[in-house]
Each structure stands twice: as C-alpha cells, then as structure tokens.
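Q: Please take a close look at the interface between the two chains. How is the contact built, and what is worth noting in the parts around it?

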Amino acid sequence: MKISEAFQNKPLLIVYICAGDPTPDATPDLVRRLVKAGADIIELGLPHSDPIADGPTIQAAAQRAIAAGMNTDVYFDVAAQADVNVPKIFMGYYNMVYARGPDRFALDCAKSGIRGMIVPDLPPEEAGPLHDACRRYGVDLIFLASPNTPPERLHMIENETSGFLYLVARTGVTGAKSDVLQSTRDLISRVSGDVPKAVGFGISTPEQAADVIRAGADAAIVGSVCVDLIARGEIERLEELVREMKAAIVGAKGKAPIVC
Amino acid sequence: MKCDTANAAAVKFGKYGGLFVPETLVQPIMELAQAYERLRSSDDFKDELAGLLRNFAGRKTPLYHARNLSRELGCKTYLKREDLVHGGAHKLNNTLGQALVAKRMGKTRLIAETGAGQHGVATAIVGANLGFETQVYMGEVDIERQKMNVYRMELMGAEVIPVRSGSRTLKDAINEAMRDWAASFEHTHYLLGTAAGAHPYPTMVRDFQSVIGLEAREQILEAEGCLPDSIVACVGGGSNAMGIFAPFLTDDVRLLAVEAGGRGPGKTDRTADNGASLGYGSNGILHGALTKILQDPYGQILESYSVAAGLDYPGVGPELAYLAETGRVQPKMADDRTAIRGFRALSKLEGIIPALESAHAVGYALSEPRALGEMAIINISGRGDKDLATVMDYENL
Ligand SMILES: Cc1ncc(COP(=O)(O)O)c(C=O)c1O
C-alpha cells in the first residue's frame, strides 16, 4: 500500500521502532504484531552510531541493535521479511544513506517494500541527490517541520515533502513527554496546504495522540514509548498501548479541539 | 532578531561542508550565520574583540626563532607561540569571538563540547569573564583522563556535564551539545570549539583563529623580509591549522597539516587506531557537514584514537577536506611515538613544553625535515602542562 492510500483512512497511527532491537530476528514479528494491534504505518529506524536528533531511549535502542549485528544489509532483509499490508517507512540518518549511495539506498527501499524515507538530519536544501533517487524509484521523501520553522520556510518544506509532512511536536530531541504544547497546535494550524500532517516527538499516551488529532493532525507518530516497552520486554503491554492509541485517535476524529 | 529564509543556503568548500542538521536547528543556525555576517564587518565588534585579544588573551603572541630546533632540523624554524595565549592554547581566540557574537545576539547561556578540556576551559574563561551561564559537555572517558581541566572549568564557574552516550568521548560530547541546543537555542549559544560542523561554524571559527596567521605573516615579513617555505600545524578538527593557514592560502607556501597517526592505520568494527580523517577517512556526514570521516562501510562512525585527546576526533573541518582534495594543503601524519619524540625534543631543545597536540607538528618536522624547505613556521597551538601525566604514563608502558 502506498502512503497516500493509507491516508485515505485517516486518522492514522504511525509507530516507530528501531530495527534490530533487541535482535534483527525479532523485528519482522514485532512489526506484524504492531500492525495487528492497529498501527497504520510502521517507521523502521536504521540504528546509527551518532543519532543527534534522538533522546536517550532511542540512542540506547540503536546501541543495542548495532551490538546485535544490525547494519544496512541486514536492515533491508529484515524490512523485506516484515511483510505487512501497511506502508513501511525508513527512518535514519543521512550518513547511512550517503555511505550506500542515495540511488542504491532508494532502490533497496523500493525492493524491500519501504514506501517512504524520513532522514531527520537532511533538510530539503541538502536533499537533491536523494530526492532524485526517491522520485526514480517511487519512494516518498518525507521532510520535517518544527515549531520554530518560520512561515516562508514552512511553505517551502510543504512543497518539497511527499507522502506526508512530519511535524515535530516540540523542539529538542525524541523522547516521551506527558503534554501537548500550544506551539504544536500552532504549528499544525500554520500548515496551509492539503498535504497530510503527522505529528511526532514526545507523544506517549493515548490522550496526547487524540489531542494532536483533535488539533487537526492526520496522524500521530509514537516512538520512544514503544521502544521503551520493547527494551523492557513488555510486548503485550506494547500491543495494548497501540490498541488504546488507535482507539483514542479514531475516537478523536472530527472532534473539535478541547483546548485551543 | 528573526529571519525567515525559505532557503537556508550554506557556505560550501567545493562539495564539502553544508547544513546537515535537524530542522529544529536550521533556524538557530541561520540566525547565527546572519548575526555573524553582520558583526564581522562591524568596527565596533572588531574593536571590542581586538581589545580583549590584546588585554585579556595576551596577544599578539611571539613568532620565536627556535635556534636549537633549527639546527636539529637543518631548517630555519620559527614557532608561533599560541601556547602563550591565556588558558594555554589557541582555543581562546575562538571562544572570545563567539562569546561576543552570542552576547550581541542576546544569549545568556553558553554550551560547549570538550575532549581534552582545552576548549572547555577556554569557554569557561569567557563565560566567567563576559557573564554567561556556562555548561560544558564532556565524555565520561575524557573526564577521567583530564581531571585537572575539569577542575579548572569548575573553578571558573562552569558546570561540566558528563556524557555517557556512545563512545563517551569528544564526538558524543558534540552530539549531546547539539541535542541540548535543539531545545535551548532561544537563550543559548552553542560555542563549537573547532573549524568543523555545520555552516557557519567552519567559516566563523576559521576567521576567529585567522589572527594566528595574520600575525605570523606580519612577523615573518618583518623578521625575514619574505615568506617561509612551509607552515606546519597539527589537525584535530582543524581550527589552529586553518587559523594559521588561511592568510597564506594564495601564497607560494607549503601548508602541512599533521593528523594523529595514533597507533597506526589499523581499525576494528567500531574503532580506528588513529585520528587521521584526511589520511585514512572517506567522505561522509558528521556533525552537520560533509567532510572526511572515519567510518565503517555502512556509515557508522568509528571511535578514533590518539595519545593527544585534542586530536582524538573521527572527523575534520570541511575546508581542510576541500583544501586537501585540491592539493593546496598536504595532509601528513605523526603517530603517538613521533608526537612524544616532538614533545621531548622541544622541551629539551628550547625549554618549551608543547601540548601533545602541537607535539604532533614538531614530531612530524623532526621525522621529515626535508619537507620543510629552508624556512618554516610551526604552530605551537598549546602548552603541555595538561599532558604531563599522560606522557609519564606513556613512557612507563
Ligand atoms: C593545544 C591544542 N591544539 C590543537 C587542538 C586540536 O584542535 P584544532 O584542530 O581545532 O586546532 C586542540 C584541541 O583540543 C588543542 O587543545
């Protein structure tokens, strides 16, 4: 399924996990279970030694995964094995893409059923080669906007992104937080075009997920809280959380924001 | 000051450099770049910086004709004495410049990374002197190796924050500072310590360090009436090297950039035995720039190694990567043993104990004297007091 098709059934729940954590073998089954529990899109992180946009939870997951043997070749094998009927998205740092070559990387994505790429340290200005490669192989290149992204730049990023626009809920790095900020709501409402909007960074509860949907987002992205449960081996709790999150956002659909 | 640049154009050096940072950092970086662009041509700013460099940092530093070393090398050799800058290294040239930029941008807090502790100390100095709250990220491993510098920073009111992520050394301290800045940019300036990283740091740090080369050029012309055949500088990220090289780029002067050869060319899955990104590295992205880095075939960054903590970095500034590619700068190497030889030789011959980093430049000169020509300048980027324990340990092994 293409990302744009998935967004025909919004709101969506996008779940991030770090591929290879705790082991590469565990990842395909984990992906299937998350989809069964209600995940509409899976963001599969490729661990990097120097994840500058990530907080302690995902940093630790990356280190575990690398120690368990995860690398880019294994990543694409694992991604291909995770045969689910929802879109899978690559998330990872640009040096990993650069090292393989943007063209080969995008092709490998396409071959292993990965429909989009999120590269958090690659702003549109530097994305030329990867953009071309993604277009060539029909992979969406998803850009991020942040609460401090000024209006003209936000407009430029909206035009450059494909699949959806990743709205960073807060400045700083990834990691579970307990609130939804006014600046997040403002950012959602500042997006002018009709590109689908997904909000991530810091969402850890069903209430927060519902809150961003009520504020106008088309999808909620959860990461660190899931990675944390995987680290603790609490997979059933993870499935339950995904079910609760999904129910919360579906329930929030079309409702007006409580606070605004 | 706000700017809404739809496009964040970064200065590049050939294909090297750029702005490979999370979107949250694009705006703070563009604001910094604009502030710096405005201030670099402001007389008022330049006067304030020049005053501090003169009266506080102790510039200008001597260009010293080292007669005994010259005899040993068979080359008339001058030493640019950055070891005499307040704080004991060239690092203060940059921290003073950036702190003044930060002040004029209305920032109240400085954050910095440090490896050996020299840049952390230089940041603590300006933090105390110019009235900033100062926090310095330092890898746990480096805190253990450089206890004296940790204490120096704390004495001057800076807080040293231990970094426990990754390899717990300099590169992880930079990662942690970038993460902090992504949440704190409204009141905080990230004071990067070398001519590496995302735009505009490579340009800005080079400019603030160019005082080394500008002085040296004037001094050598006064002493000799001509330019030297060669200039030798050690390279960690490249700030002392670019600082002394920059004013000579269009001259017929050989520019020799000496990297840390460490224990040799070896590497494992996760580590390299050296810090020689120009010598052994390949193109890749680290800390916001495309440059030469030490990495595995998949793009994971390797942990570097050098006996000199200040050269223990798996990347290098993008301008040096470019100048090495065009051939304008010649990358060279000195391994641990050669550096220790340089350390001992300069101490004994001239009564000057160089930093282990600078000792790489001296050691290289001693091992390849013919590369220097008839007249050379060696940049003594810092003094060696901080390294006495390290050298004692090394010799006992
Ligand atoms: C005395 C001294 N020289 C050189 C360096 C290396 O840095 P750079 O290459 O930026 O000059 C350091 C870094 O800590 C240092 O302390």
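A: The contact takes 41 residues from chain B and 41 residues from chain A. Keep in mind that this is a predicted model. The two chains bury about 3,300 Å² between them. Carbon and sulfur atoms give 50% of that area. On the side of chain B, three residues lead: B:Glu23, B:Arg179 and B:Tyr298. They supply 24% of the area that chain B buries against chain A, more than any other three residues.

A:Asp50 and B:Lys171 meet through their side chains in a salt bridge, at 3.0 Å from N to O. Four elements of chain B give two or more residues each to the side that touches chain A. They are helix H1 (23-39), helix H8 (170-184), strand S11 (282-286) and strand S12 (289-293). H8(B) gives the largest share, eight residues.

B:Arg168 is in the loop between strand S7 (159-163) and H8 of chain B. The phi of B:Arg168 is positive, about 60°, although the residue is not a glycine. B:Arg168 counts as partly exposed because its relative accessible area is 33%. B:His287 is in the loop between S11 and S12 of chain B. B:His287 also has a positive phi, about 50°, and is not a glycine. Buried or exposed, which is B:His287? B:His287 is buried, because its relative accessibility is 6%, under the 20% cut-off.

Next, the cysteines. The structure holds zero disulfides over all chains. A:Cys18 is in none; the nearest cysteine sulfur, that of A:Cys226, is 13 Å away. A:Cys18 is buried, at 3% relative accessible area. In chain B, the sulfur closest to that of B:Cys226 belongs to B:Cys75. The gap is 12 Å, so the two are too far apart for a bond. B:Cys226 is partly exposed, with a relative accessible area of 34%.

Chain A has its own details. Start with helix H6 (residues 102-111). Its buried residues are A:Pro102, A:Phe105, A:Ala106, A:Asp108 and A:Cys109. They cover an arc of only 160° around the axis, so they lie on the same side of H6(A). A:Gly113 follows H6(A) and has a positive phi, near 80°.

Chain A also has cis peptide bonds. One joins A:Lys10 and A:Pro11, with omega about 5°. A:Pro11 is in the loop between helix H1 (3-6) and strand S1 (12-18) of chain A. Another runs from A:Asp21 to A:Pro22, with omega near 5°. A:Pro22 lies in the loop between S1 and helix H2 (26-37) of chain A.

One more proline is A:Pro150, in the loop between strand S6 (144-145) and helix H8 (151-160) of chain A. A:Pro150 is buried, at 9% relative accessible area.

Conventions. Residues numbered from 1 in each chain as written. Chains lettered and ligands numbered in written order. Predicted model: local features only at pLDDT ≥ 70, side-chain atom pairs only at ≥ 80, totals over all residues. Heavy atoms only, no water. Buried < 20%, exposed > 50% of the residue type's maximum accessible area, 1.4 Å probe, protein only. Disulfide = S-S within 2.5 Å. Arc of directions from axis to C-beta. Contact = heavy atoms within 4.5 Å. Buried area = accessible area lost by both parts, 1.4 Å probe. Salt bridge = Lys/Arg side-chain N within 4 Å of Asp/Glu carboxyl O.
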